[in-house]
Amino acid sequence: MNAPLPTPPAALGEIRNDWTRAEIAALFELPFADLLFQAQTVHRRYFNPLEVQMSQLLSIKTGGCPEDCGYCSQSAHFETGLNASKLMPVEDVVTAAKAAKDGGAQRFCMGAAWREPKDRDMPALLDIVRAVKALGLETCMTLGMLTDAQAQALGDAGLDYYNHNIDTSAEYYGTVVSTRTYQDRLDTLARVRAAGVNVCSGGIIGMGETREDRVGMLFTLATLPEHPGSVPVNSLMRVKGTPLGEAAGIDELEFVRTIAVARILMPRSVVRLSAGREHMSDSMQALALLAGANSIFVGDKLLTTRNPGRSHDERLFASLGVTPMAG
Ligand code: SAM
Ligand code: DTB
Ligand code: SF4
């Protein structure tokens, strides 16, 4: 006789901000099938599992960044061969946003290679938010650290989301970045929340971190005062010339586990299968969606690195019976 299906804990899918590291570690330890069953149960309680949200990225200010994030093509500390450029004019951002909308994107996420925006950049940034929003797209920006006033101004201009990743565990952070602290990241997240802007925060898998670090990263996210509305889970894009350019990478099933645990811990959050799809098979992407991911970046470029293009994603969506999430 077949073994009975595992019975998920009664509280599965409850919104909790008091997760412990031990509970999170225990989820990672579950047999793969039980973990995926729990993740799917939670996913189906809050979302239509056949709908995937689509965001598109644009680098509105590229390269020359004073920070030393060990994974990043845009840090001025490393020789990556990237051409630095200034903040793009509003008109050019709008042209790219229109193309993204025509390509099916619902959210337009604009990134700048800054430690923090300068106050003199704020008027142009606010114009960009208003212009992109006027196209009927959700807006997201990722500009580095913010002051209270900058967060408020972006919120007042109608910014829907602010992306600011914690990247990894508090313990491992200093190995990856030395020019700012984990607490700096948490402080900006608190300012964004206080300004009433939705938080997008997640991290990167495959930077040489241990499972304990992955537990620690999800612990930080799941015990924030509010779960982030979006949780991007990136697989490291290895960029030549960066300290992590030759990192060993990540076991595929461990990446899927991380997505599944994120889904269980933060039931209402949109979990994004973010950077790294370029080097993932369709089967692995399908597993990540089964594990509870329900968002991707579309378009053939992320910020500076490659992403599968539209025709590939259309084929993948068709073969999985997945459709874009209703706006
Ligand atoms: N400068 C801003 C900041 O760091 O907050 C915004 C742009 S930054 C490129 C946005 C996020 O992209 C980073 O926090 C990191 O999590 C992710 N990222 C950057 N380079 C990556 C890479 N090579 N692979 C995967 N994710 C990456
Ligand atoms: C996120 O978590 N991933 C996106 C977005 N937030 C800003 C960025 C991925 C960047 C990948 C490396 C690159 O293209 O430069
Ligand atoms: Fe700068 Fe952001 Fe890249 Fe870090 S991740 S070097 S802050 S652009």
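The model is predicted, so local features need pLDDT of at least 70 and side-chain atom pairs pLDDT 80 or more, while totals for chains, interfaces and linings use all residues. Residues count from 1 along each chain as its sequence is written, chains are lettered from A and ligands numbered from 1 in written order, and side-chain values use heavy atoms, without hydrogens and water.

Select ligand 2 and show what lies around it (a heavy atom within 4 Å). You'll get Leu57, Ser73, Thr142, Asn163, Asn165, Pro232, Asn234, Phe297, Leu302, Leu303, Thr304 and Thr305. Colour that shell by type: 5 are nonpolar, 7 polar and no residue is charged (nonpolar is Ala, Val, Leu, Ile, Met, Phe, Trp, Tyr, Cys and Pro; charged is Asp, Glu, Lys and Arg; the others, Gly among them, are polar).

Next, pick out polar contacts (N or O pairs within 3.5 Å). Thr305 puts a side-chain N or O atom 2.8 Å from an oxygen of ligand 2. Leu303 uses a backbone N or O atom, 3.0 Å from a ligand 2 oxygen. At Asn163, a polar side-chain atom is 3.5 Å from a ligand 2 nitrogen. The protein covers 86% of the 410 Å² of accessible area that ligand 2 has on its own (Shrake-Rupley, 1.4 Å probe).

Now jump to Lys133 and Asp160, whose side chains form a salt bridge at 3.0 Å, N to O (Lys or Arg side-chain nitrogen within 4 Å of an Asp or Glu carboxyl oxygen). Lys133 is in helix α4 (residues 122-134) and Asp160 in the loop between α5 (148-156) and β4 (161-163), so the pair ties together parts 27 residues apart in sequence (helices, H or I of at least four residues, and strands, E of at least two, are DSSP runs numbered from the N terminus).

Key:
Polar contact = N/O pair within 3.5 Å; in protein donor to acceptor, adjacent residues only side chain to side chain.
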